[in-house]
Amino acid sequence: MEISRKRKKLLGPNYSLSYDSPLHMVRGNRQYLLDVEGRRYLDTVNNVAHVGHEHPSVVRALKRQAALLNTNTRYLHREIVCYAEELLSKCPDPLLVVYFTNSGSEANELALRMARSSTQRKNIVALKHAYHGNTSNTIDISSYKFDGKGGSGQPHSTIVLNVPEGAKDRHLFDKFYESQVAQDLESLNPEKDSIAGFIHESILSCGGQIVLPENYLKEVYSKIRSMGGVCIADEVQVGFGRVGSHFWAFESQGVVPDILTLGKPIGNGHPLGAVITTRQIAERFNNG
């Protein structure tokens, strides 16, 4: 295929294609994708277009704004504050301040900077198999990347907590995790580790679609905060009602993070992300 040949020649070799016979998609419509031959596919693997491909209301909003103005935040504009108000109305106190970004990776990058600026520390606690983005700093906290093919291994500034693997029976799962959590948290050393923060997906996606045990985040948050660190909930893939029972997945654990990061569904796959944090962390980050 000519497109495939040109792709190999012109694009970076890191780009991968799905399926032995790659699909040539030309159009999206709600829950469907259509290929070059007009064949319709039910899209069951989409993690980007939150309300469906080319949703009419999203398309109308994009066209309307593109015809009016495309600039940045150094000028006053009504829409950015209206949307910030609407977004914050879905967030529990004390998440009161929004920073808009262009991607989930950028949101997590900014969250790491905020955590380190707020605490004046460097080390980040993350979960095994986690993936938080494709920038240098987010790869450094993503075991999915630094432990994977071509990875450079765990950086000194990253501390990794285990996640449950292979425990299918719920009772065994809880027993296993209770022991594992206790060991992991006990291993954190306030004198040595100098923790800036803990980052986690509220449901582990690349880690294996794992729903965390009840009270897990409460235990880890308590430990991290007792050591002076902040807690970052990465809801780039699981936020905006995707868990069904709650608008944010962290709510299912009965916790409130210090920093919340958003991407993918916030713009229905278009380049938009956000960081939401406390007034105190925002003020500390306002350092010129």
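**Salt bridges and a histidine loop**

R225 is partly exposed, with 37% relative accessible area. The model it belongs to is predicted. R225 has a partner: its side chain meets that of D258 in a salt bridge, 3.3 Å from N to O. R225 sits in helix α9, residues 216-226, while D258 lies in the loop between β10 (230-234) and β11 (259-262), so the pair ties together parts that are 33 residues apart in sequence. D258 is buried, at 15% relative accessible area. That value falls under the 20% cut-off, so D258 counts as buried.

Side chains of opposite charge can pair when their charged atoms come close. How many salt bridges does a search of the whole structure find? The search finds four.

Another part of the picture is a network. D35, E37 and R39 are linked in it by salt bridges. D35 pairs with R39, and their closest N and O atoms are 3.0 Å apart. E37 also forms a salt bridge with R39, here with the closest N and O atoms at 3.5 Å. Are these residues buried or exposed? D35 is buried, with a relative accessible area of 6%. R39 is partly exposed, at 44%. E37 is exposed, at 61%.

Now turn to H129. This residue is found in the loop between β5 (123-127) and α5 (136-140). H129 is partly exposed, and its relative accessible area is 24%. Along the chain, H129 and D147 are 18 residues apart. Their C-alpha atoms are separated by 8.1 Å.

Note on methods:
Residues numbered from 1 in each chain as written. Predicted model: local features only at pLDDT ≥ 70, side-chain atom pairs only at ≥ 80, totals over all residues. Heavy atoms only, no water. Helix = DSSP H or I, 4+ residues; strand = E, 2+ residues; numbered from the N terminus. Buried < 20%, exposed > 50% of the residue type's maximum accessible area, 1.4 Å probe, protein only.
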